[in-house]
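Work through the exercises below with the sequence and the model open beside you, and try each task before reading its solution.

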Amino acid sequence: MATSARNKMLSLLILTLVMLGMKNVEATWCVARSDASYSALSAGLNYACSHGANCRPIQPGGSCFNPNTIQNHASYAFDSYYQRMRKAPGSCNFGGAATIAVTDPSFGSCVYPPYS
């Protein structure tokens, strides 16, 4: 194989690997901070649910209702809002009650919105 053809193939391989790596960087979720106060989580949850988050799964009978805790419900609502805002800068803050996670917080039948 000619040197130029080999270099082109190597460049294509490197570009592909970089692009695959970049996709993994984009896999982020917005979750409630473990040290956030009840009032901050409650305010953030109310904001997210009234500004576009899909909060049906955290209602009684929903796939993410249990565990029935403010931490759990806020995390789901925060992430739903964050994903709907296309991860816009500042869309995962909620008065300091939220943080970006790089590990999918889904569990059991509770599946967090897919990342965009």
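**Exercise 1.** What does the accessible surface of the chain come to, and what percentage belongs to carbon and sulfur atoms?

*Solution.* The model is predicted, so local features need pLDDT of at least 70 and side-chain atom pairs count only at pLDDT 80 or more, while totals for chains, interfaces and linings use all residues. Residues are numbered from 1 along each chain as its sequence is written, and side-chain values use heavy atoms, with hydrogens and water left out. By the Shrake-Rupley method with a 1.4 Å probe, the surface comes to about 7100 Å², and 61% of that belongs to carbon and sulfur atoms.

**Exercise 2.** Determine whether the length of α2 (38-50) agrees with its number of residues.

*Solution.* Helices are DSSP runs of H or I with at least four residues, numbered from the N terminus. The expected span is 1.5 Å times one less than the number of residues, so the 13 residues of α2 should span 18 Å, and the end C-alpha atoms, 18 Å apart, agree with this.

**Exercise 3.** Which residues of α2 are buried, and which are exposed on the other side?

*Solution.* Take buried as under 20% relative accessible area and exposed as over 50%, with partly exposed in between (1.4 Å probe, protein chains only). Leu41, Gly44, Leu45 and Ala48 are the buried residues of α2. Because they cover an arc of only 105 degrees around the axis, judged by the directions from the helix axis to the C-beta atoms, they lie on the same side of α2. On the other side, Ser39, Asn46 and Ser50 are exposed.

Methods
Helix = DSSP H or I, 4+ residues; strand = E, 2+ residues; numbered from the N terminus.
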